[in-house]
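Let's take a walk through this protein chain together. Keep the 3D view open and follow along.

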Amino acid sequence: LVQKNHSNSTKKTKNSWWNSFFDTWGPVSLTVFLYIGIRHFIAEARYIPSGSMLPGLKVNDRLIVEKLSLRKRVPLRGEIVVFNSPYSFDKKLIANRQTDLPSNIRCSLITFPLISWMPTFTDRACDAYIKRVIAIGGDRLLINTKGEISLNGRSINEPYVKYFCPMKAEYNLCPPITTIIPKGYVFVLGDNRANSWDSRFWPAGGFLPEKEIIGKASWRFWPISRFGKPD
């Protein structure tokens, strides 16, 4: 009888410990898993780290990146998209690495909030970039040294571009480009043509594979004073 009571007491202790653990960490774990699922499949928040999309998107603007629509169709000209770092897909940049490319799991951990603020865990191949789609597969593209574009033989008016490349007598800051975009790829530029590391400068050719696009910038939620859809 004593042994039976002792066994029941042990079971109650274990159950009590498990219930206490689950009550504490269960909701936290569920919240994390839901966050990861939503972030991976539906949408996520991103911030603007540089001035490459000025004047429309400013440094530290916060955006919602929507991921569902571009899984069903190709990007459209003029859409602002977020995509994986060129350091993860540009063959020449990869060839210059001293270490292997990080896995998707490692990049997910590196870019997870709180961890992403720790410089020790950063890797340029895990970064995300934001640019505007200028041309899609099959387009004939011409870009002059100011950063103005001509698409399929027609000059394109871009009211969102205010900062074109200055013309210097001794050199040109922006290279002229004439190319045809391969199928399955897009060509992207920053709205700040004078200060954007985009398709014009990537060493392996500058074409962004459609599969590397994370999603499109659908809504700016911060600062409140400029809340709304990005231009």
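This is a predicted model: local features need pLDDT of at least 70, side-chain atom pairs count only at pLDDT 80 or more; totals for chains, interfaces and linings use all residues.

## Contacts across the chain

Among contacts between residues at least 6 apart in sequence, 68% join residues at least 24 apart; a contact here means heavy atoms within 4.5 Å. Residues are numbered from 1 along each chain as its sequence is written, and side-chain values use heavy atoms, leaving out hydrogens and water.

The chain has 231 residues, and 36% of them count as buried. Buried means under 20% relative accessible area, exposed means over 50%, and partly exposed is in between (1.4 Å probe, protein chains only).

You'll find 3 helices and 11 strands here. Both are DSSP runs numbered from the N terminus: helices are H or I with at least four residues, strands are E with at least two. Along the sequence, the pattern reads α-β-β-β-α-α-β-β-β-β-β-β-β-β.

Two strands pair if DSSP finds at least two bridges between them. Strands S3 (residues 80-84) and S4 (residues 128-136), for example, are joined by 5 bridges, and Ile80 stands opposite Arg132 in S4.

The other open sheet described here has 4 strands, ordered S7-S6-S5-S8, again with antiparallel pairing. Its edges are strand S7 (154-155) and strand S8 (177-180). S7 is joined to strand S6 (residues 149-151) by 2 bridges, with Leu151 opposite Arg154.

## Inside: the nonpolar core

In soluble globular proteins, nonpolar side chains tend to be buried together. A nonpolar core is a set of buried Ala, Val, Leu, Ile, Met, Phe, Trp, Tyr and Cys residues joined through side-chain atoms within 4.5 Å. The largest one here has 15 residues, and Val81, Phe83, Val186, Val188, Leu208 and Ile213 touch the most other members. S3, S4 and strand S9 (185-189) each give two or more residues to this core, and S4 gives the largest share, 3 residues.

Take a look at Val188: beyond four places in sequence, its contacts include Val81, Phe83, Ile134, Trp202 and Leu208.

## A loop that meets a strand

Gly78 is found in the loop between strand S2 (62-66) and S3. Gly78 and Arg132 are 54 residues apart in sequence, but their C-alpha atoms are 5.9 Å apart in space. Leaving aside neighbours within four places, Gly78 is in contact with Arg132 and Val133. Is Gly78 buried or partly exposed? With a relative accessible area of 28%, Gly78 is partly exposed.

Most residues other than glycine have a negative phi, and most peptide bonds are trans. The bond from Leu54 to Pro55 is cis, with omega near 5 degrees, and Pro55 is found in the loop between S1 and S2. A cis peptide bond also joins Trp222 and Pro223.

Asn60 has a positive phi, near 75 degrees, and lies in the loop between S1 and S2. Asn152 has a positive phi too, of about 55 degrees, and lies in the loop between S6 and S7.
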